[in-house]
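Please keep the sequence and the structure in view while reading.

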Amino acid sequence: AGIKNYLHRQLLRNLRTANEHSSVEMKLNGYLAEIDLLYKRELYRECAAKIKKARACAGKYDKFSEQLKLISWETKLAINNYDMQRLQLLNEQWIEEERQVLEKFAELNQVRNLWFRLSLLLSRAGQAQSLKSFLSHPLMQKPLRSFPAEALRLQINIICTAGTDQRAANYASYNELLGIFKANPHQIEESPNVYGGVLLEQ
């Protein structure tokens, strides 16, 4: 019963964080609105500067949808300015960036699906054997490529190792999760409940 209560507490904490409105997403939506306005007013230099600023923010926080929108805006601006030299120089770079962003996006969606399946499992009794199958999933075998995907992978690992009484592995996963937050301190304000939960369990 103690483990089940722990698992549900951990799940609710992370669901609450997932439902919080992201301040970074609000900022990026503001950037996108400004970019659209500057473009319509033909203030292309200011528009390019805003795109650059927004791209840095989206990349820093692994906001994949916004990154794709901003690459599209950068392309549109270069086409509008008849900057064929820049288009030729950057075309391959944009294609490669889009490929990397889409791969990270797909990986994040896959680990989110794993998290959803875990949340369904925790609503049932007798889940220990099933939790072990989550730990053997290919996504759980190595670090993932973006912060949100890796943080979610480690949270799944924490829940599954707790539910299967793997104390050493559970402690190691907590330390790994704390470590990626310390390596990316800007992500703490985006996921305060997750970070706070890690500190409380230490």
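## A serine in a helix

Is serine 119 buried or exposed? In this predicted model, serine 119 has a relative accessible area of 17%, and because buried means under 20% relative accessible area, serine 119 counts as buried. Serine 119 is part of helix α5. Along the sequence, 37 residues separate serine 119 from isoleucine 156, while in space the two are 9.7 Å apart from C-alpha to C-alpha.

## The nonpolar cores

The largest nonpolar core has 20 residues, and those that touch the most other members are Val111, Trp115, Leu118, Leu131, Phe134, Ile156 and Cys160. Two or more residues of this core come from each of α5, α6 (128–135) and α7 (147–163), and α5 gives the most, with seven residues.

Cysteine 160, when residues up to four places away in sequence are not counted, touches Leu118, Leu131, Phe134 and Leu135. There is also a second, separate core of 16 residues, which includes Leu32, Tyr39, Cys57 and Ala58.

## Helices α4 and α5

Two packed helices are described by the angle between their axes and by the distance between those axes. For helix α4 (residues 64–80) and helix α5 (residues 84–121), the axes come within 10 Å and cross at roughly 165 degrees. Angles over 145 degrees count as roughly antiparallel, and α4 and α5 are therefore roughly antiparallel to each other.

The crossing of α4 and α5 is left-handed. On the α4 side the residues in contact include Phe64, Leu68, Ile71 and Ile79, and on the α5 side they include Met84, Leu87, Trp94 and Phe105. The residues of this contact are divided into twelve nonpolar, three polar and five charged.

## Helices α3 and α4

Helix α4 also packs with helix α3 (residues 44–60), at an angle of about 155 degrees and with the axes 10 Å apart. That angle makes α3 roughly antiparallel to α4, and the crossing of α3 and α4 is left-handed.

Among the residues that make this contact are Tyr44, Cys47, Ile51 and Arg55 of α3, together with Glu66, Leu70, Trp73 and Asn80 of α4. Here the residues divide into ten nonpolar, three polar and three charged. Gln67, Ile71 and Glu74 of α4 are listed in the contact with α3, and Gln67, Ile71 and Glu74 are also listed in the contact with α5.

Note on methods. Residues are numbered from 1 along each chain as its sequence is written. This is a predicted model: local features need pLDDT of at least 70, side-chain atom pairs count only at pLDDT 80 or more; totals for chains, interfaces and linings use all residues. Side-chain values use heavy atoms; hydrogens and water are left out. Axes are lines fitted to C-alpha atoms, for helices over the stretch in contact, and angles run from 0 to 180 degrees between N-to-C directions. Helices (H or I, at least four residues) and strands (E, at least two) are DSSP runs, numbered from the N terminus. Angles under 35 degrees count as roughly parallel, over 145 as roughly antiparallel, 65 to 115 as roughly perpendicular and the rest as oblique. A crossing is left-handed if the near helix is turned anticlockwise from the far one by less than a right angle, and right-handed if clockwise. Contact means heavy atoms within 4.5 Å. Ala, Val, Leu, Ile, Met, Phe, Trp, Tyr, Cys and Pro count as nonpolar, Asp, Glu, Lys and Arg as charged, and the others, Gly among them, as polar. A nonpolar core is a set of buried Ala, Val, Leu, Ile, Met, Phe, Trp, Tyr and Cys residues joined through side-chain atoms within 4.5 Å. Buried means under 20% relative accessible area, exposed over 50%, partly exposed in between (1.4 Å probe, protein chains only).
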